Amino acid sequence: MNLCEFLQDLFEGRRTRAAAPYDLSESELQETREFLANFEEAYRLNLPDAPPRFDVEAALWATTHYYKACQYALFRDYGPDFAFTPANQAIAALNSPEAHYSVDLAFRFLPDLLSFCRSATDDPLRQELLEWARQWPLSSVGIIEAPEVDIAPLLGSASLMQMYADRAIESGDVRAMQSVQGAQAIEESLGLYQELAPELMRQLALNAIPSEDEQAGNGE
């Protein structure tokens, strides 16, 4: 099964498989670019508001790395020398909404892969996946053990913030409420139906309670 076949099954919700690690050919990479561009045209029609412009090279970086991570998760004899290319060497506008939207096309499945790799905390592959979660906040929703994320790159896109809130509500990820903007987006999305997410609303209420330092500063 090559990369394109792997992605077709993954994106369409079918059980998929990964081949043993191998060097991707230029023809396979080009085939994947074309597949990603075609898939995204239909995918964006079901997203809220107006999604950012699609950056196929950012999506290609994410899909090839996600595929490699799946390969190494299955074929542990090939690790831990993963040879992953850092995102800042492959994606020009690393912190743009366009990059975060495009990377998320594959990395939205990161919580599933981390669940599959749930083993010793010092597993190098698991640590790499958690680092990806830290770098890509939209894709990190649902990963309870992910480090604190910075959602600033999402703030410029109403579509990305809505996706962030929707995923937090669906997964019950209270971590998504660490930032004021994230909490506001979730509260607005719930609207009159806050009883549907009791844990998130409980966290929102806790966030509203001033800390002891704040109370002391206010003379309370």
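Trainee: Hi! Is Ser139 buried or exposed?
Mentor: Ser139 is buried, with a relative accessible area of 2%; buried means under 20%, exposed over 50% and partly exposed in between, using a 1.4 Å probe and protein chains only. This is a predicted model, where local features need pLDDT of at least 70, side-chain atom pairs count only at pLDDT 80 or more, and totals for chains, interfaces and linings use all residues. Residues are numbered from 1 along each chain as its sequence is written, and side-chain values use heavy atoms, leaving out hydrogens and water.

Trainee: Which helix does Ser139 lie in?
Mentor: Ser139 belongs to helix 7, residues 137-140 (helices are DSSP runs of H or I, at least four residues, numbered from the N terminus).

Trainee: And what is Ser139 in contact with?
Mentor: Beyond its neighbours within four places in sequence, Ser139 is in contact (heavy atoms within 4.5 Å) with Asp104, Phe107, Arg108, Leu110, Pro111 and Arg167.

Trainee: What about Phe107, which residues is that one in contact with?
Mentor: Again leaving aside neighbours within four places in sequence, Phe107 is in contact with Trp61, Ala62, Tyr66, Trp132, Trp136 and Ser139.

Trainee: New topic! At what angle do helix 3 and helix 6 pack?
Mentor: Helix 3 (residues 56-74) and helix 6 (residues 124-135) pack at about 155°, with axes 11 Å apart. Axes are lines fitted to C-alpha atoms over the stretch in contact, and angles run from 0 to 180 degrees between N-to-C directions. So helix 3 is roughly antiparallel to helix 6, a label for angles over 145 degrees.

Trainee: Which residues make the contact?
Mentor: Helix 3 supplies His65, Ala69, Tyr72 and Ala73, while Leu125, Leu129 and Trp132 come from helix 6.

Note on methods:
Helix = DSSP H or I, 4+ residues; strand = E, 2+ residues; numbered from the N terminus. Parallel < 35°, antiparallel > 145°, perpendicular 65-115°, else oblique.
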